Amino acid sequence: MNKEKVGKFYDVVWTEYIPEYEKTKNHWNIFYSEKEAEGKSVLDAGCGTGIFSIIFAKNGAGKVTGIDISEGSLETARSLADKFDLKNTEFRKEDMLALPFSDEYFDIVWAWGTVHHTTDPFKAIDNLIRVLRKGGSILLAVYTRTRLTFIHEIIRKTLVLMPRKSWTFLSKVMALFLAPVVFFFKKREKSRQGEKLEELILDWYFVPIRHYYTPDEIRSYLEERGFEIEKFLPASGRFNSTSNFIFKARKTG
Ligand SMILES: C[S@@+](CC[C@H](N)C(=O)[O-])C[C@H]1O[C@@H](n2cnc3c(N)ncnc32)[C@H](O)[C@@H]1O
């Protein structure tokens with residue numbers, strides 16, 4: 001049931017908001033180059049609008065498979081692929097917790113901001129590890145647990161009780177009130193590049209499932225499973241947001 005709620009939530013978010021290609025591509029380049037993507041088979045797990053699938057597909061990848069549980073997101077992703085006239089993408093409704101692909105099927109697994117929205121994030125990571133070939137790389141962007149997490153959770157758990165139809169409106173109203181605060185903290189202004197404040201609020205406070213971790217928890221989970229960490233960013237490059245951290249790691253074991 002929770003999974004369906006998450007899918008329906010992203011049916012709203014990813015049919016209204018599409019991240020900008022150029023800004024997102026700059027962000028992608030922090031982790032991958034065209035050379036590294038060249039000819040690779042890529043899984044974009046929880047692809048949302050498919051923006052990262054499009055970037056991989058346009059910049060060398062051989063075949064990109066975007067999966068999501070939200071049909072609305074997948075429709076957005078398919079039309080984005082049509083817009084860019086891409087023939088090497090496929091978008092499928094699949095659950096990260098029950099991946100239908102054989103072991104070691106992909107060269108690259110990209111999971112930006114997704115495992116923490118599943119009912120069992122470590123099971124999701126295990127599945128992503130299973131379908132990644134030895135020598136391949138995984139990218140995980142995960143929400144950071146901080147001392148303020150419990151406050152955000154109280155607000156989120158209250159707001160998700162509101163009727164679903166009011167969520168977009170409420171996030172717009174909250175954005176109106178929070179805009180001066182955001183303006184005041186210059187750093188946050190930078191974090192908004194490529195995304196609207198109302199979208200950030202919607203994604204942050206209205207999502208039905210969200211888990212948080214510390215970088216150490218994810219680092220040791222990956223290392224214990226034979227991964228070498230290639231890159232760690234304590235904040236997200238796309239929005240320079242400290243709400244998530246990112247690991248790029250290579251499967252050696
Ligand atoms: C915050 S969005 C990130 C979208 C995209 N990766 C991006 O960065 O633009 C999280 C996405 O994960 C998807 N998702 C959540 N649980 C999932 C699951 N169990 N299997 C597949 N996708 C899932 C949601 O539907 C949503 O599109």
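**Ligand shell and aromatic contacts**

In the predicted model, an N or O atom in the side chain of Asp95 is 2.7 Å from a nitrogen atom of the ligand, within the limit for a polar contact (a pair of N or O atoms within 3.5 Å). Local features were required to have pLDDT of at least 70 and side-chain atom pairs pLDDT 80 or more, whereas totals for chains, interfaces and linings use all residues. Residues are numbered from 1 along each chain as its sequence is written, and side-chain values use heavy atoms, with hydrogens and water left out.

The ligand is surrounded by 21 residues, a residue being counted if one of its heavy atoms lies within 4 Å. The closest are Gly46, Asp68, Asp95, Met96 and Trp112. By class, the shell consists of eight nonpolar, eight polar and five charged residues (Asp, Glu, Lys and Arg count as charged; Ala, Val, Leu, Ile, Met, Phe, Trp, Tyr, Cys and Pro as nonpolar; the others, Gly among them, as polar). Helix α1 (residues 2–16) gives the most to this shell, with three residues; helices are DSSP runs of H or I with at least four residues.

Rings of Phe, Tyr and Trp (its six-membered ring) were paired if their centres lie within 6.5 Å, with planes under 30 degrees apart taken as stacked, over 60 as edge-to-face and the rest as tilted. The count by this rule is 26 aromatic pairs. Phe101 and Tyr105 are stacked, at 5.7 Å centre to centre and 25 degrees between the planes. Phe101 is buried at 7% relative accessibility, while Tyr105 is partly exposed at 47% (buried under 20%, exposed over 50%, partly exposed in between; protein chains only). Trp167 and Phe206 form a tilted pair, at 5.9 Å and 40 degrees. Trp167 lies in helix α8 (residues 167–184) and Phe206 in the loop between α10 (197–205) and α11 (215–224), so this pair ties together parts that are 39 residues apart in sequence. Both partners are buried, Trp167 at 8% and Phe206 at 0% relative accessibility.

One aromatic cluster is formed by Trp28, Phe31, Tyr32, Phe52, Phe56, Trp110 and Trp112. Lys248 lies over the face of Tyr32, at 4.1 Å from the ring centre, and Arg210 over that of Tyr143, at 5.3 Å. For such placements, NZ of Lys or CZ of Arg must be within 6 Å of the ring centre and within 35 degrees of the ring normal.

Methods: A polar contact is a pair of N or O atoms within 3.5 Å; within protein, one must be able to donate a hydrogen and the other to accept it, and residues adjacent in sequence count only if both atoms are side-chain atoms. Helices (H or I, at least four residues) and strands (E, at least two) are DSSP runs, numbered from the N terminus. Buried means under 20% relative accessible area, exposed over 50%, partly exposed in between (1.4 Å probe, protein chains only).
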